[in-house]
Amino acid sequence: MSTIPTEEEIKSTLRRLGVKTSNRGYSYVSYGILLTLKDKSYLEYITKNLYVDIAHNFHTSGSCVERDIRTTIESIWQTEDTALLMEICNGSSTTKRPANKKFFSLMHDYFTKISDMNTNKSCKDSSVDFFCDKVGGQCTKFQDMYEELLRLREENKRLMASQHSHNENQG
């Protein structure tokens with residue numbers, strides 16, 4: 001079973017795509033993606049369900065939500081991180097901005113794929129066997145290196161979160 005990414009992970013991806021945190025649509029899009037990941041049926045009726053729930057959460061109207069999301073998607077399609085955009089679009093054309101419904105579908109699929117990969121990686125990581133043919137048993141050096149890699153990965157996540165927090169306080 002895959003885990004749902006956090007809203008911060010979603011927002012981080014949006015920032016990588018060039019969305020400014022001051023853009024009202026930034027919060028609407030991140031919250032909307034989170035809703036679709038929790039309940040895929042939001043993708044079927046975005047006007048009647050998704051926009052309404054986003055509007056309710058942010059105390060605004062559905063038409064404002066729709067417009068601000070459309071504007072945010074437009075800014076994403078002008079991003080300089082075309083590699084990430086191509087990955088999200090599964091290699092299909094990124095020359096024309098998709099409709100809001102298609103955008104949420106792409107983002108849902110992207111985060112589901114990422115989440116599934118992380119879940120599978122975690123399952124594999126927990127059962128890693130550092131068997132060494134040369135000594136005929138466990139290789140403690142590989143085990144130690146692996147544990148250090150995991151520690152560094154966690155430290156890197158904390159540093160990136162700290163840097164992001166610092167950048168938001170500056171801007």
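This is a predicted model: local features need pLDDT of at least 70, side-chain atom pairs count only at pLDDT 80 or more; totals for chains, interfaces and linings use all residues.
Biologist: How many residues does helix 2 have, and how far does it reach from its first C-alpha to its last?

Modeller: Helix 2 covers residues 24-38, which is 15 residues. The reach is 22 Å, close to the 21 Å expected at 1.5 Å a residue.

Biologist: Is helix 2 mostly covered or mostly exposed?

Modeller: Mostly covered, with 12 of its 15 residues buried.

Biologist: Which ones are the buried residues?

Modeller: They are Gly-25, Tyr-26, Tyr-28, Val-29, Ser-30, Tyr-31, Gly-32, Ile-33, Leu-34, Leu-35, Thr-36 and Leu-37.

Biologist: At what angle do helix 2 and helix 3 pack, and how far apart are their axes?

Modeller: The angle between helix 2 and helix 3 (residues 46-58) is about 125°, and their axes lie 10 Å apart. Helix 2 is therefore oblique to helix 3.

Biologist: Is the crossing of helix 2 and helix 3 left-handed or right-handed?

Modeller: The crossing of these two helices is right-handed.

Biologist: Which residues of helix 3 are buried?

Modeller: In helix 3, the buried residues are Ile-46, Leu-50, Tyr-51, Ile-54 and Ala-55.

Biologist: What follows helix 3?

Modeller: His-59 follows helix 3, and the phi of His-59 is positive, near 55°.

Biologist: Turning to the aromatics, which residues form a cluster with Tyr-28?

Modeller: Tyr-28 belongs to one aromatic cluster with Tyr-31 and Phe-58. Tyr-28 and Tyr-31 are also among the buried residues of helix 2.

Biologist: How many aromatic pairs are there in the whole structure?

Modeller: A search of the whole structure gives five aromatic pairs. One of them joins Trp-77 and Phe-103 edge-to-face, at 6.4 Å centre to centre with 75° between the planes.

Biologist: Where do Trp-77 and Phe-103 lie?

Modeller: Trp-77 is in the loop between helix 4 (62-76) and helix 5 (82-88), while Phe-103 is in helix 6 (residues 100-126), so this pair ties together parts that are 26 residues apart in sequence.

Biologist: Are Trp-77 and Phe-103 buried or exposed?

Modeller: Both residues are buried.

Biologist: And what kind of pair do Tyr-110 and Phe-111 form?

Modeller: Tyr-110 and Phe-111 form an edge-to-face pair, 5.2 Å centre to centre and with 75° between the planes. Tyr-110 is buried, as is Phe-111.

Technical notes:
Residues are numbered from 1 along each chain as its sequence is written. Side-chain values use heavy atoms; hydrogens and water are left out. Rings of Phe, Tyr and Trp (its six-membered ring) pair if their centres lie within 6.5 Å; planes under 30 degrees apart count as stacked, over 60 as edge-to-face and the rest as tilted. Helices (H or I, at least four residues) and strands (E, at least two) are DSSP runs, numbered from the N terminus. Buried means under 20% relative accessible area, exposed over 50%, partly exposed in between (1.4 Å probe, protein chains only). The expected span of a helix is 1.5 Å times one less than its number of residues. Axes are lines fitted to C-alpha atoms, for helices over the stretch in contact, and angles run from 0 to 180 degrees between N-to-C directions. Angles under 35 degrees count as roughly parallel, over 145 as roughly antiparallel, 65 to 115 as roughly perpendicular and the rest as oblique. A crossing is left-handed if the near helix is turned anticlockwise from the far one by less than a right angle, and right-handed if clockwise.
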